[in-house]
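User: I am new to this structure. Please pick one part, look at it closely, and show me how the rest of the chain is arranged around that part.

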Amino acid sequence: TEHTITKPAALRAELVRVRAQDYALDEEELAEGLCCLGVPVRDRRGLVVAGLSVAMPKARFRPDRIPEWAAALHGAAERLSDRLTY
């Protein structure tokens, strides 16, 4: 889409931001009208082994709720990680 990151420097900057905040956003990058928020699922060593995300229509996406959604996803990712690692 017109929102997709296509320049290498912009992608590198986005990856730095994602690592720092520990979640990623997709604001109509994959498809017009679709927004997503994703978090990593880590193993007991802290290595990323999977991802967990939620998708929603742009009309329901509220930037002010990103911290709340990220916290809920991080909680679910931690519970999933606990179940995956023995």
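Analyst: Start with contacts, meaning heavy atoms within 4.5 Å. Of the contacts in the chain between residues at least 6 apart in sequence, 44% join residues at least 24 apart. This is a predicted model, in which local features need pLDDT of at least 70 and side-chain atom pairs count only at pLDDT 80 or more, while totals for chains, interfaces and linings use all residues. Residues are numbered from 1 along each chain as its sequence is written, and side-chain values use heavy atoms, with hydrogens and water left out.

The whole chain comes before the part. The chain has 2 helices and 3 strands. Both are DSSP runs numbered from the N terminus: helices are H or I with at least four residues, strands are E with at least two. In sequence order the pattern is α-β-β-β-α. The C-alpha trace spans about 45 × 30 × 20 Å along its principal axes. Buried means under 20% relative accessible area, exposed means over 50%, and partly exposed lies in between (1.4 Å probe, protein chains only).

Now the part: the sheet. The sheet is open, with 3 strands in the order β1-β2-β3 and antiparallel pairing. β1 (24–27) and β3 (48–57) stand at the edges. Each has a single partner strand, so one side of each is left without a neighbour in the sheet. Neighbouring strands are turned by 20° against each other on average, direction ignored. What holds paired strands together in general? Strands of a sheet pair through backbone hydrogen bonds, either parallel or antiparallel. Here two strands count as paired if DSSP finds at least two bridges between them.

Look at β1 and β2 (residues 34–42). They run antiparallel, and 4 bridges join them. A24 stands opposite G38 in β2. β1 and β2 form a hairpin with 6 residues between them.

Two residues in that connection deserve a look. E28 is in the loop between β1 and β2. Its phi is near 65°, a positive value in a residue other than glycine. E28 has a relative accessible area of 13%, so E28 is buried. G33 is in the loop between β1 and β2 as well. At 32% relative accessibility, G33 counts as partly exposed. Leaving aside neighbours within four places in sequence, G33 is in contact with E28, M56, P57 and K58.

Helix α1 covers residues 8–21, and E14 is found in α1. E14 counts as buried because its relative accessibility is 16%. Not counting residues up to four places away in sequence, E14 touches I5 and L25. D22 is in the loop between α1 and β1. Phi of D22 is near 65°, again positive in a residue other than glycine. With a relative accessible area of 23%, D22 is partly exposed.

What lies across the sheet? Helix α2 (residues 66–84) lies across β1, β2 and β3, and runs at about 35° to β2. Axes are lines fitted to C-alpha atoms, for helices over the stretch in contact, and angles run from 0 to 180 degrees between N-to-C directions. S81 has its place in α2. S81 counts as buried, at 11% relative accessibility. Leaving aside its neighbours within four places in sequence, S81 is in contact with V41, R42 and D43. How far from S81 is G33? G33 and S81 are 48 residues apart in sequence and 31 Å apart in space, C-alpha to C-alpha.

The chain has 13 positive and 13 negative charges, and their mean positions are 5 Å apart. Lys and Arg count as positive, Asp and Glu as negative, while His and the chain ends are not counted. Each charge is placed at NZ of Lys, CZ of Arg, CG of Asp or CD of Glu.
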